[in-house]
Structure formats: structure tokens, C-alpha cells
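Visitor: Hi! Could you walk me through this one?
Guide: Happy to. Here it is.

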Amino acid sequence: MRYAQGGGLTDAKRAARERIRLEAVGRFESGAKNREIAVALRGSERSVERWRRQWRERGEEGVRSKGSPGRPRLSADQIAKLERELERGPLVHGWADQRWTLAGVKTLIGRLFHVGYTVEGTWRLLKRHGWSWQQPARRAIECDDGALELGKKEVWPQVKVRRPAGPGSSVRTRPASR
């Protein structure tokens, strides 16, 4: 079964699935056929075949849950090192742009610590440690606030396109116009 992006099973759902597999083991021991077990447990024959093979190879332990796969975590020292490297900037690490992207941070984590994160996991990691999307620390030297305000108040209303007061569309949508 495939799971949605960013999610696997909760502990409760994992335990429920394990109970179903253990019930299948009881049926294996009583000699039931795969098709009967699949129908009774509302599963697929292919899953039952896989469970039976695991049961034959490793016994009841073969069908037990392995637990949550978890996510790779960085230690406090690794987080501190990552923050230092992020503060040095992307140019130092070979990126042409001066802004960090999630994909870039993900790649940096892989290079530094040999730990794989998804882009979403990278965002969660950064957010947990107080990082947010980048905003300029200073305003551009060329920025003229007076000219911007003038443009907003005087020029923009003249440029802004206004809809005519008449009918809005030529598409016939009313039953009477057909």
C-alpha cells in the first residue's frame, strides 16, 4: 500500500494491521488457504501470500510490525554546524543564487551529515529551529519611498484596467439566452 506524501501509519493503525497479520498466522496454522484468509480478513491474496512466506521463513516474528521507520534526526551539534553553514551563505557552498532553497538546504544536509531528508522534512527541520523563508535584511540603496508612494497614489489608478459596466461575458449561460 502506498501512503500519502509525508505520512505513514500511526502507531494505532500499525498495531491494528499487526493484529490482522497475527490472525492470519492462526489461520495458516489451522491449514486455511490464502484465498479464504484474504476474504475473511478483507485483504488481498498477494498480501496473504507475502505474510505466509514471512511466517514460514521467520515464524510469528516475521509478520510482526517492525515499528515506525522514524525520521533521521540531527544531533544538537549537527544542528549548530548546519546553522553556521547556512549563515555562511549558498555562494560558499557552490550555488549561484544568494538565497537558500529547501532543495539546496536538503542537499547541504546530505553533503555534511550523510543524512537524507525530504524537501518537506527539511522545511519542518528548519521551522523547528526558528528558520523561516528569507526576507531581505536591508532595503536596496536604489529604493525611493517617495517615488513608490507617488506611483501608488497617482499613476496606478490611471493604469488600472476597469471592467465596463455592461454584461461581463459573451458566453451564453442563462437558459433564456439559448
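Visitor: Which residues are exposed on the other side of H1?
Guide: Those are Ala12, Lys13 and Arg19. Exposed means over 50% relative accessible area, buried means under 20%, and partly exposed is in between, with a 1.4 Å probe and protein chains only. Before we go on, this is a predicted model, where local features need pLDDT of at least 70 and side-chain atom pairs count only at pLDDT 80 or more, while totals for chains, interfaces and linings use all residues. Residues are numbered from 1 along each chain as its sequence is written, and side-chain values use heavy atoms, with hydrogens and water left out.

Visitor: And which residues are buried in H1?
Guide: In H1, Arg14, Glu18, Arg21, Ala24, Val25 and Phe28 are buried. They cover an arc of only 115 degrees around the axis, which puts them on the same side of H1. The arc is taken from the directions that run from the helix axis to the C-beta atoms.

Visitor: Why would residues a few places apart point the same way?
Guide: An α-helix has 3.6 residues a turn, so residues three or four places apart point the same way.

Visitor: What do the buried residues of H1 pack against?
Guide: They pack against H2 and H3. Contact here means heavy atoms within 4.5 Å.

Visitor: How many residues does H1 have?
Guide: H1 has 19 residues, and from its first C-alpha to its last it reaches 27 Å, close to the 27 Å expected at 1.5 Å a residue. The expected span is 1.5 Å times one less than the number of residues. Just after H1 comes Gly31, with a positive phi of about 90 degrees.

Visitor: Let's step back. How many helices and strands does the chain have?
Guide: There are seven helices and zero strands. Both are DSSP runs numbered from the N terminus: helices are H or I with at least four residues, and strands are E with at least two. Of the 178 residues in the chain, 21% are buried.

Visitor: Tell me about H3. Which of its residues are buried?
Guide: Ser47, Val48, Trp51 and Arg52 are the buried residues of H3. Their arc around the axis is only 135 degrees, which puts them on the same side of H3. Arg46, Arg56 and Glu57 are exposed on the other side of H3. The buried residues of H3 pack against helix H1 (11-29) and helix H2 (34-41).

Visitor: And what follows H3?
Guide: Gly59 does, and its phi is positive, near 75 degrees. H3 itself covers residues 45-58.

Visitor: At what angle do H2 and H3 pack?
Guide: The angle is about 115 degrees, and the axes are 8 Å apart. Axes are lines fitted to C-alpha atoms, for helices over the stretch in contact, with angles from 0 to 180 degrees between N-to-C directions. On the H2 side the contact includes Asn34, Ile37 and Leu41, and on the H3 side it includes Glu45, Val48 and Trp51.

Visitor: Is Asn34 buried or exposed?
Guide: Asn34 is buried, with a relative accessible area of 18%. Leaving out residues up to four places away in sequence, Asn34 touches Phe28, Glu45, Val48, Glu49 and Arg52.

Visitor: How many aromatic pairs does the structure hold?
Guide: Two. In one of them, the ring centres of Phe28 and Trp55 are 5.3 Å apart and the planes are at 40 degrees, so the pair is tilted. Rings of Phe, Tyr and Trp (its six-membered ring) pair if their centres lie within 6.5 Å; planes under 30 degrees apart are stacked, over 60 edge-to-face and the rest tilted. Phe28 lies in helix H1 and Trp55 in helix H3, so this pair ties together parts that are 27 residues apart in sequence.

Visitor: New topic: where does Thr122 lie?
Guide: Thr122 lies in helix H6, residues 119-128. Thr122 is buried, with a relative accessible area of 0%. Not counting residues up to four places away in sequence, Thr122 touches Leu102, Val105, Lys106, Ile109 and Tyr117.

Visitor: And where is the place of Tyr117?
Guide: Tyr117 is in the loop between helix H5 (102-113) and H6. Tyr117 is buried too, with a relative accessible area of 9%. The C-alpha atoms of Tyr117 and Arg73 are separated by 9.1 Å, and these residues are 44 residues apart along the chain.
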